[in-house]
Structure formats: C-alpha cells, structure tokens
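Welcome, and do ask whatever comes to mind. Let us look at the model together and start with a single residue.

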Amino acid sequence: MRKSLHIITLALVIAAVSTAAFADAAPVSSQGVVNINSADASQLSLLPRVGAKAAERIIAYRTEHGPFKKATDLMQVKGIGAKTFERLSQYVSVEGKTTLTSKIQSPRKPRAKKPTTTASN
C-alpha cells in the first residue's frame with residue numbers, strides 16, 4: 001500500500017511539471033509568424049524591435065539578394081544583429097503564410113541608474 005502511494009504521488013508530480021512546461025511554450029505558437037520572404041512593410045513592422053525603417057531595409061535586402069533561404073539570413077540586413085534576431089526569431093518564418101496580426105512588444109531592459117553626485121566643499 002505504501003509503495004503504491006509513493007508511485008501515485010510521483011506520477012502526479014511528473015504530470016504537474018510537464019503540464020507547466022507545455023503551458024509556457026504554448027503562447028509563442030498562438031502569436032503567429034511573419035514570412036520574411038513575402039511580408040510587406042506593415043507586416044514586418046509587427047515584429048519586435050522592427051520599425052518602419054528596418055522593415056524597408058529588410059524589403060530592400062530581399063529585393064537585391066533574392067528570398068531568404070533560412071531565418072538566420074535576416075542577420076545580413078543592416079541593423080539586425082544577433083541580439084535583435086534572438087528576440088524576433090520565434091516570430092520569423094521563410095515559408096508559409098504570415099499569421100501575426102498584432103505588434104509584439106518586447107520587454108524593455110531596466111535603465112541603469114546614474115551615479116548620484118554629491119557636492120563636496
């Protein structure tokens with residue numbers, strides 16, 4: 001009886017942990033994606049940290065060099081580096097339809113506090 005109680009308790013703990021892990025991953029897929037090969041400037045502007053000028057640079061790069069072969073090729077566009085790509089990579093696709101419908105707001109970093117200066121006489 002005691003052994004089965006431990007097994008049931010362990011099974012419930014594992015189920016709770018796995019449910020929480022799947023719940024964290026679910027919102028990303030429900031947000032949608034932007035196909036960087038077919039999206040217009042307004043659709044590209046829905047991506048986090050991408051404004052109108054960056055969207056125009058993406059379109060200009062795509063026009064000059066052809067369609068993106070993989071999502072990481074987006075880092076070839078001026079102004080999109082590794083950190084920016086890391087923030088928007090989960091919302092970017094190179095095939096399929098654009099399904100993102102609203103602007104994704106990326107969390108801002110807290111501002112660094114300026115050191116306080118004291119008057120010394």
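**A tour by question and answer**

Visitor: Is Ser38 buried or exposed?
Guide: Buried means under 20% relative accessible area, exposed over 50%, and partly exposed in between, with a 1.4 Å probe and protein chains only. Ser38 has a relative accessible area of 51%, so it counts as exposed.

Visitor: What kind of model are we looking at?
Guide: Residues are numbered from 1 along each chain as its sequence is written, and side-chain values use heavy atoms, with hydrogens and water left out. Local features need pLDDT of at least 70, side-chain atom pairs count only at pLDDT 80 or more, and totals for chains, interfaces and linings use all residues, since this is a predicted model.

Visitor: In what order do the elements of the protein chain run?
Guide: Helices (H or I, at least four residues) and strands (E, at least two) are DSSP runs, numbered from the N terminus. The protein chain has 4 helices and 2 strands. Starting at the N terminus, their order is α-β-α-α-α-β.

Visitor: How much of the accessible surface of the protein chain belongs to carbon and sulfur atoms?
Guide: Accessible areas come from the Shrake-Rupley method with a 1.4 Å probe, and for residues only the protein chains shown count as cover. Of the 121 residues in the protein chain, buried ones make up 26%. The accessible surface comes to about 9400 Å², and the share of carbon and sulfur atoms is 58%.

Visitor: Which residues does Ser38 touch, beyond those up to four places away in sequence?
Guide: Ser38 sits in the loop between strand 1 and helix 2. Contact means heavy atoms within 4.5 Å, and the residues Ser38 touches are Gln43, Arg62 and Thr98.

Visitor: To which backbone atom of Asn35 does the side chain of Thr98 reach?
Guide: Thr98 belongs to the segment after strand 2 (92–93), and its contacts include Val33, Asn35 and Gln43. A polar contact is a pair of N or O atoms within 3.5 Å; within protein, one must be able to donate a hydrogen and the other to accept it, and residues adjacent in sequence count only if both atoms are side-chain atoms. At 3.1 Å, the side chain of Thr98 reaches the backbone nitrogen.

Visitor: Which residue has the backbone oxygen that the side chain of Asn35 reaches?
Guide: Asn35, in strand 1 (residues 34–35), is buried because its relative accessible area is 5%. A polar atom of the Asn35 side chain lies 2.8 Å from the backbone nitrogen of Asn37. The backbone oxygen, reached at 2.6 Å, is that of Gly96.

Visitor: What distance separates the end C-alpha atoms of helix 3?
Guide: The expected span of a helix is 1.5 Å times one less than its number of residues. For the 14 residues of helix 3 that should give 20 Å, and it agrees with the distance in the model, 20 Å.

Visitor: What arc do the buried residues of helix 3 cover?
Guide: The buried residues of helix 3 are Ala54, Ala55, Ile58, Ile59 and Arg62. They lie on the same side of helix 3, because the arc they cover around the axis, taken from the directions from the helix axis to the C-beta atoms, is only 140°.

Visitor: What is the phi of Arg49?
Guide: Arg49 is in the loop between helix 2 and helix 3, and it counts as exposed because its relative accessibility is 54%. Most residues other than glycine have a negative phi. In Arg49 the value is positive, near 65°.
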